[in-house]
Amino acid sequence: MLLFGFYFFCTGASVVAQSLDIDLFHHCLYSVENFNDRLYSFGEEPRVKAMVAEICAVTGVEQDFEVVSATVPTVGAVRDSTKNYLLYSPLYAQRLLDENPRLLYVALAHEVGHFARNHRLDGKFRLKEETAADEFMGRALFHLPAFTSLPFSLELMGLESFAYDSLYAPRKRAEFVSAGWLAEEGLVRSNANLGYLDSKENQDALPIPAFKLHGCPRPFHFPQEVIASCETLADVDELLQVALQQLGYDRHGYFHVPNGFAILTPIEQINADGQALKGEDRWEDYPAGTDYQGILDYLSKLLRPREGYFRLFVFVVSDQNVPRESEKMDSGKAKDWLRSGGDRLPVQIGKDTVSSQHKASVFIYEFTASKAVQRIREYCENRLPVIDHLTKSGLEQALSRRKR
Ligand SMILES: [Zn+2]
């Protein structure tokens with residue numbers, strides 16, 4: 001920093017560099033992973049704020065973060081304890097604006113995506129949060145006039161290095177960006193043509209996260225009184241949210257099932273007796289926006305440094321059996337899923353009334369990673385009784401307390 005001194009020249013006028021007091025722990029940096037030791041703010045690049053405002057406008061995102069020029073290597077999203085910051089280097093921004101301004105849109109849209117999806121950015125769910133930010137970026141690019149086609153956008157994206165590329169399986173990043181682009185394209189087409197999503201072919205072409213059971217999970221059906229006080233599906237969601245957050249499951253994905261919804265917890269590492277491991281050892285990361293088969297495929301490819309036991313809960317609230325085959329979804333709900341991307345329960349689904357036929361169930365998947373193969377495999381021989389998983393995780397107690 002001393003090489004630069006404390007004065008910088010920008011648009012002909014000298015600018016005093018101000019030290020920035022921002023906690024950088026929760027972050028995503030677009031092209032490199034580490035910040036400089038000390039941060040200063042200097043020299044604005046006014047076009048950056050305009051581009052961020054444009055990205056927010058086309059995606060309908062309320063800007064709950066401040067755009068600040070700083071001595072960062074590229075651009076990054078940072079969540080301080082009090083505020084959200086989109087930090088950018090004016091030098092980096094100027095380079096991209098000179099070379100190809102669209103490259104700057106790509107990086108900024110990705111970082112806006114982290115705020116739009118309310119990410120923690122503490123690295124615990126790095127893959128899930130990066131893939132979700134990429135999916136958001138695909139949505140934004142679809143609406144920006146500078147991006148004329150999806151293949152063109154994907155090619156362009158490859159021109160600038162991305163800090164977390166090594167987390168993705170080959171060509172997977174393009175899939176997440178494409179999913180966002182195609183979801184927006186589907187929405188535009190379905191809005192222009194009310195019957196668009198009534199066609200199964202069109203639905204299948206869209207990245208709707210419909211949940212289907214695969215593999216060998218074991219079910220547990222909660223007593224009816226657990227959800228007896230709930231009038232709507234949103235009430236059931238709230239009940240589950242409270243229990244899940246209390247037990248440390250503060251990241252999960254929403255999926256559609258007929259007349260209801262499913263919530264998947266992240267895969268967690270457990271002891272032989274079903275107790276979750278402490279701290280970082282507990283969690284596994286997985287990509288966002290994939291269907292359940294996709295997650296199982298992904299997990300089967302994960303290499304583990306050591307053997308262990310793992311678990312995944314799928315909560316299902318529905319008045320029907322959980323589909324094992326693809327089922328038709330009505331166009332209204334399909335549109336909601338397109339908008340929600342599975343990060344929360346869509347309002348339209350939440351409004352649905354809970355009938356006496358609705359049941360709350362949980363499906364438990366067990367996985368093991370053996371010393372020999374070091375890959376996570378689904379374990380179908382019922383290592384632990386279902387009730388042990390429910391009591392050792394604390395779910396049984398947390399949900400029983402809600403009985404009326
Ligand atoms: Zn990111």
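## Strands and pairing

Two strands count as paired if DSSP finds at least two bridges between them. Helices (H or I, at least four residues) and strands (E, at least two) are DSSP runs, numbered from the N terminus. With that in hand, β6 and strand β8 (residues 84-88) run parallel and are joined by four bridges, with Glu-66 standing opposite Tyr-85 in β8.

A word on the model itself: it is predicted, so local features need pLDDT of at least 70, side-chain atom pairs count only at pLDDT 80 or more, and totals for chains, interfaces and linings use all residues. Residues are numbered from 1 along each chain as its sequence is written.

## The four-stranded sheet

β6 and β8 belong to an open sheet of four strands with mixed pairing, in the order β4-β7-β8-β6. The edges are held by β4 (27-29) and β6 (66-69); each has a single partner strand, so one side of each is left without a neighbour in the sheet. On average, neighbouring strands of this sheet are turned by 20° against each other, direction ignored. Axes here are lines fitted to C-alpha atoms, for helices over the stretch in contact, and angles run from 0 to 180 degrees between N-to-C directions.

Inside the sheet, β4 and β7 run antiparallel and are joined by three bridges, with Leu-29 opposite Gly-76 in β7. β7 and β8 also run antiparallel, over five bridges, and form a hairpin with four residues between them. Ala-77 has Leu-86 as its bridge partner in β8.

How well covered is β7? A residue is called buried if 20 or more other C-beta atoms lie within 10 Å of its own, exposed if 12 or fewer, and partly exposed in between, with C-beta atoms placed from the backbone. Five of the five residues of β7 are buried, so this strand is largely enclosed by the rest of the structure. Val-75, Ala-77 and Arg-79 lie on one side, Gly-76 and Val-78 on the other.

Contact means that the C-beta atoms of two residues, placed from the backbone, lie within 7 Å. Of the 16 residues of α3, 13 are buried, so the helix is largely enclosed by the rest of the structure. Its end C-alpha atoms are 22 Å apart, which agrees with the 22 Å that 16 residues should span at 1.5 Å a residue; the expected span is 1.5 Å times one less than the number of residues. After α3 comes Asn-118, whose phi is positive, near 55°.

A nonpolar core is a set of buried Ala, Val, Leu, Ile, Met, Phe, Trp, Tyr and Cys residues joined through C-beta atoms within 7 Å. The largest one has 54 residues, and those touching the most other members include Leu-86, Leu-108 and Val-112. α3 gives the most to this core, with nine residues. Leaving aside neighbours within four places in sequence, Val-112 is in contact with Val-52, Ile-55, Cys-56, Val-61 and Leu-86.

## Two domains

The domain assignment of the chain gives domain 1 (7-188) and domain 2 (218-400); such bounds come from an automatic or database domain assignment. The C-alpha centres of the two domains lie 31 Å apart. Across the boundary, 15 residues of domain 1 are in contact with 13 residues of domain 2. α4 (126-143) and α6 (172-192) each supply at least two residues of the side of domain 1 that touches domain 2, and the largest share of that side, six residues, comes from α4.

α6 has 21 residues and reaches 30 Å from its first C-alpha to its last, close to the 30 Å expected. Among its buried residues are Phe-176, Val-177 and Trp-181.

## Around strand β14

Strand β14 (residues 359-369) is mostly covered, as eight of its eleven residues are buried. Strand β13 (residues 308-318) runs antiparallel to β14, with eleven bridges joining them, and Phe-310 has Phe-367 as its bridge partner in β14.
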